[in-house]
Amino acid sequence: MFRRSIDLPSRISLVAAIVCALLFPLPAEAAPPPYAELLIDPATGVVLHAQNPDLPTQPASLTKMMTLFLAFDSLDKGELALDQFIPVSRRAQNMSPSKLGLVAGTSIRVEDAILGLVTRSANDAAVVLAEAIGGTEEGFAEMMTTKARIIGMRNTTFLNASGLPNVRQKTTARDIATLSQALIKTHSRHYPYFSRSSFSYNGAVVHSHNRLMNRYDGMDGIKTGFVNASGFNLAATAVRDGRRLIAVVLGGRSSRERDNRVAALLDHGFGVKPLGRSVSTVEVAAVVPTVRATIKADAPRLEKAIAQSPKPASKAAAKPGSWAIQVGSYKSHKAGQAGLTTTAKVIPAHVKGAQSTVLKSRTGVFQARFTGMTKAAAEQACSRLESKGQDCMVVAPRR
C-alpha cells in the first residue's frame, strides 16, 4: 500500500529527508519541542483527556499568567493600585519583542501594564510589574516559584517574568492547568482582564494574540505563548451552559494547529464531537519501519534517481550573521510563500530590501521568513506585525 500510494519523486524526497535525519542528527536546540495536552473539568477536578501532562517544557509567555497572578495579589493587598504609575527601567526598555515599546525613565499605569501582558504579551511590561512588586526581576521570579508551590504547581520553576527562553525555566501541562484554575478561583474579580481582545495605549489599539477567543463560543481566556524550545502553547478556558472547562496545549507546530487542537479538546469536553488524534512525533515515528523497508527494497533505483535529480534552485539566502523574522509555519511551501506575500503587503516599509524565503524544517513544517535584516529592523518589523494581531518571531543569526 505504501509503495503504490506514493509516487517516485515524493518517495525520493521522503527517503532523502529521513536519510539526512539519520546521518545528521539535529542539534539539541533544533529538536522538535515536547508535546503535551490536557483537558480538565475544574469544578470536579476530573481529567477528561491527557497526553504527556507531566512532560517538562519551557512555559514561554504562559509565564505571564503567574506574573499577573502576583500582580493581582498586590492589588488585593493594596500594595498596587490600577491608576498607580510605576517606573520603566533600562532593563525593561531593552527587552526583546513582543513589547509595548516602553522607554526607560518614563512610567506606565499598572492597569496598562496588565493589559499589555494580557493582549500584546509585552515583555517590557512584564519586567516593569516584576520590578515594582519584587524589587528585581530575579527576586520576583523567586516569588513566582514560591507561589507556584503554594497553589500546587509541583513541577514548575520560574527564572523570569516574561517567559523569554531559559533552559531552567520549566513547567508542565498539568501545572499550567492548575495555574489557570487558581487564577479563575482566587482572582475572579480580576480574571475578566483575560477576555480583553484589545486596549488603547498611547493612541494606538493593541490587539490580543489569542485569536481563538474571537471564534470559539464561550471562551474567556487565557494566554498564548511561543519560544522555539517549546513550540506554540495555549492555556484556554470556556464556559457553556454554566459548565467551565480548561484546555492546555504545549508544543504545537503552528499557532493555527495549536488553536484548532484546543478547540477540538473543548468540543470533546462539551460533547460537541469526538476527539481525534493529535499531531505528535509518535505518529511520525510510526512511519519509520515502513519507510526503512521501502528504502531497502528500492535502494538501487532510488540511488540512481536521486543522483540524476536536478538540484532545486535555492532561494536568496541571508548574509551570514544577519537577523530574520519568522512570520508563520505552514503545511506547504506554497502556503509559506503566500504568507510572505500577505505579510509584505501589511508591512511593506519594514521588509523593504529583506529577502523572502521558505525553509522546510526537520519536523516537516515550512517556515516563512524575511532574512538579511538588522536586529533593530527585525524587532521593529515584528512589533509592527504584532500590533496588527499577527504572530511574528525575531530569529537571531546562527553562531
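In this predicted model, strand β10 (residues 323-330) pairs with strand β12 (residues 366-373) in the antiparallel sense, over six bridges; strands are DSSP runs of E with at least two residues, helices runs of H or I with at least four, numbered from the N terminus, and two strands pair if DSSP finds at least two bridges between them. Ile325 has Phe370 in β12 as its bridge partner. Both strands belong to an open, antiparallel sheet of four strands, ordered β11-β12-β10-β13. β11 (355-360) and β13 (393-395) are the edge strands, each with a single partner, so one side of each has no neighbour in the sheet. Helix α11 (residues 333-346) lies across β10, β11 and β12 and runs at about 45° to β12; angles run from 0 to 180 degrees between N-to-C directions of axes fitted to C-alpha atoms, for helices over the stretch in contact.

Elsewhere, helix α3 (residues 63-77) packs on helix α6 (residues 123-134) at about 40°, the axes being 10 Å apart. In the contact (heavy atoms within 4.5 Å), Lys64, Thr67, Leu70, Ala71 and Ser74 of α3 meet Asn123, Ala126, Leu129 and Ile133 of α6.

Mean pLDDT, the predictor's confidence in each residue from 0 to 100, is 84 for the chain, and 79% of residues reach 70 or more. It stays under 50 over residues 281-295 and over residues 310-321. Where pLDDT is low, the predicted coordinates should not be read in detail.

Residues are numbered from 1 along each chain as its sequence is written. Local features need pLDDT of at least 70, side-chain atom pairs count only at 80 or more, totals for chains, interfaces and linings use all residues, and side-chain values use heavy atoms, leaving out hydrogens and water.
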